[in-house]
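This report is for a reader who is new to the structure shown below. Please look over the sequence and the model before reading on.

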Amino acid sequence: MAARLRFACLPEPWTLNDFDFAAQPGVDEKLICDLATLRFLDDASNVLFVGPPGVGKTMLAVALARAAVEAGHRVYFTTAAELAAKCHKAALEGRWKTCMNFFAGPKLLVIDELGYLPLPEDGASALFQVINQRYLKSSTILTTNVGIADWAGAFGDATVAAAMLDRLLHRAAVASIDGPSYRLRGHQNQAEALRAGVNARVS
Ligand code: ADP
Ligand code: MG
């Protein structure tokens, strides 16, 4: 268990017990409890957490990953940017196949923060290949601040985005969390103003 936990590279010791459902009405508690049974691992289903910053996406992903480690599964946590960087380096060093095998290996792969940083073109393609080779074989949890409808824009390449979504969503639970930011709880008014400003700018 200790070795599996170390291998998983979870960024925080969070468990589902730490998650305050009352503080986040945007989260479907029933869905999360169902995911916590880890049945989604059996049929290689994916989980997508979609929502703005601070709503608990990473926390929920880490908590589910932690539960999977404790249940004896091989788990690995990474961010989209880190995955892209690792694959880029591997390609340069002639280790592409080894790198792909590495990301195919875990029973559960968490890819955090898709969309926060623009992925370079070879990053989007690496991510697609990782998703594609895990498709129907093992589960991936993905967190993103980009609504599914906007993925084409976020990837630069609409075809890659569509192909990736197709595989991810074929068997998936999508949890859209559109509640208040937990990080900014004490600063709700500023946060709302900031978000309204951002929305006004993009629309
Ligand atoms: P996101 O990934 O959506 O940006 P995080 O999961 O990183 O958000 O959560 C931001 C911070 O707020 C973390 O410290 C997390 O532990 C805390 N947090 C968020 N939602 C909750 C919640 N419902 N209960 C307890 N802590 C929370
Ligand atoms: Mg996060």
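The text below goes through the annotated domain, some helices and their packing, and several single residues.

This is a predicted model, in which local features need pLDDT of at least 70, side-chain atom pairs count only at pLDDT 80 or more, and totals for chains, interfaces and linings use all residues. Residues are numbered from 1 along each chain as its sequence is written, chains are lettered from A and ligands numbered from 1 in the order in which they are written, and side-chain values use heavy atoms, with hydrogens and water left out.

## The annotated domain

An unreviewed UniProt entry places the feature "domain: AAA+ ATPase" at residues 43–175. UniProt positions are given in the numbering used here, feature names are shortened, and annotations may be inferred rather than shown by experiment. Over residues 43–175 the chain is 51% helix and 20% strand, with 18 Å between the end C-alpha atoms. Helices (H or I, at least four residues) and strands (E, at least two) are DSSP runs, numbered from the N terminus.

## Helix H7 and its surroundings

Helix H7 covers residues 121–134, which is 14 residues. From its first C-alpha to its last, H7 reaches 20 Å, close to the 20 Å expected at 1.5 Å a residue; the expected span is 1.5 Å times one less than the number of residues. Its buried residues are Gly123, Ala124, Ala126, Leu127, Phe128, Val130, Ile131 and Arg134. Here buried means under 20% relative accessible area, exposed over 50%, and partly exposed in between (1.4 Å probe, protein chains only).

The buried residues of H7 pack against helices H5 (80–92), H6 (96–104), H8 (151–155) and H9 (158–170), and against strands E3 (108–114) and E4 (139–144). Just after H7, Leu136 has a positive phi of about 70 degrees.

Two packed helices are described by the angle between their axes and the distance between the axes. The axes are lines fitted to C-alpha atoms, for helices over the stretch in contact, and angles run from 0 to 180 degrees between N-to-C directions. The table gives two pairs.

| Helix pair | Angle | Axis distance |
|---|---|---|
| H5 and H6 | about 150 degrees | 7 Å |
| H5 and H7 | about 100 degrees | 9 Å |

Angles under 35 degrees count as roughly parallel, over 145 as roughly antiparallel, 65 to 115 as roughly perpendicular and the rest as oblique. H5 and H6 are therefore roughly antiparallel to each other, while H5 and H7 are roughly perpendicular.

Contact means heavy atoms within 4.5 Å. On the H6 side, Leu83, Lys86, Cys87, Ala90 and Ala91 of H5 meet Trp96, Cys99, Met100 and Phe103. On the H7 side, Leu83, Ala84, Cys87 and His88 of H5 meet Asp122, Gly123, Ala126, Leu127 and Val130.

## Cysteines

A disulfide is a pair of cysteine sulfur atoms within 2.5 Å, and by this rule the count comes to 0. The cysteine sulfur closest to that of Cys9 is in Cys99, 14 Å away, which is too far for a bond. Cys9 is found in the loop between helix H1 (2–8) and helix H2 (29–36). Cys9 is partly exposed at 39% relative accessibility, and Cys33 is also partly exposed, at 41%.

## Other single residues

Most residues other than glycine have a negative phi. Cys9 has a positive phi near 55 degrees, and Ala44 likewise has a positive phi near 55 degrees. Ala44 sits in the loop between helix H3 (39–42) and strand E1 (46–50), where it is buried at 6% relative accessible area.

Leu41 lies in helix H3 and is buried, with a relative accessible area of 1%. Apart from neighbours within four places in sequence, Leu41 is in contact with Ala68, His73, Lys107, Leu108 and Ser139. Leu41 and Ala68 are 27 residues apart along the chain, and their C-alpha atoms are separated by 8.7 Å.

Asn46, in strand E1, is buried at 7% relative accessible area. Not counting residues up to four places away in sequence, Asn46 touches several residues, among them Ser138, Thr140, Arg167 and Ala173.

Lys97 lies in helix H6 and is exposed, at 58% relative accessibility. Lys97 and Thr58 are 39 residues apart in sequence and 28 Å apart in space, C-alpha to C-alpha.
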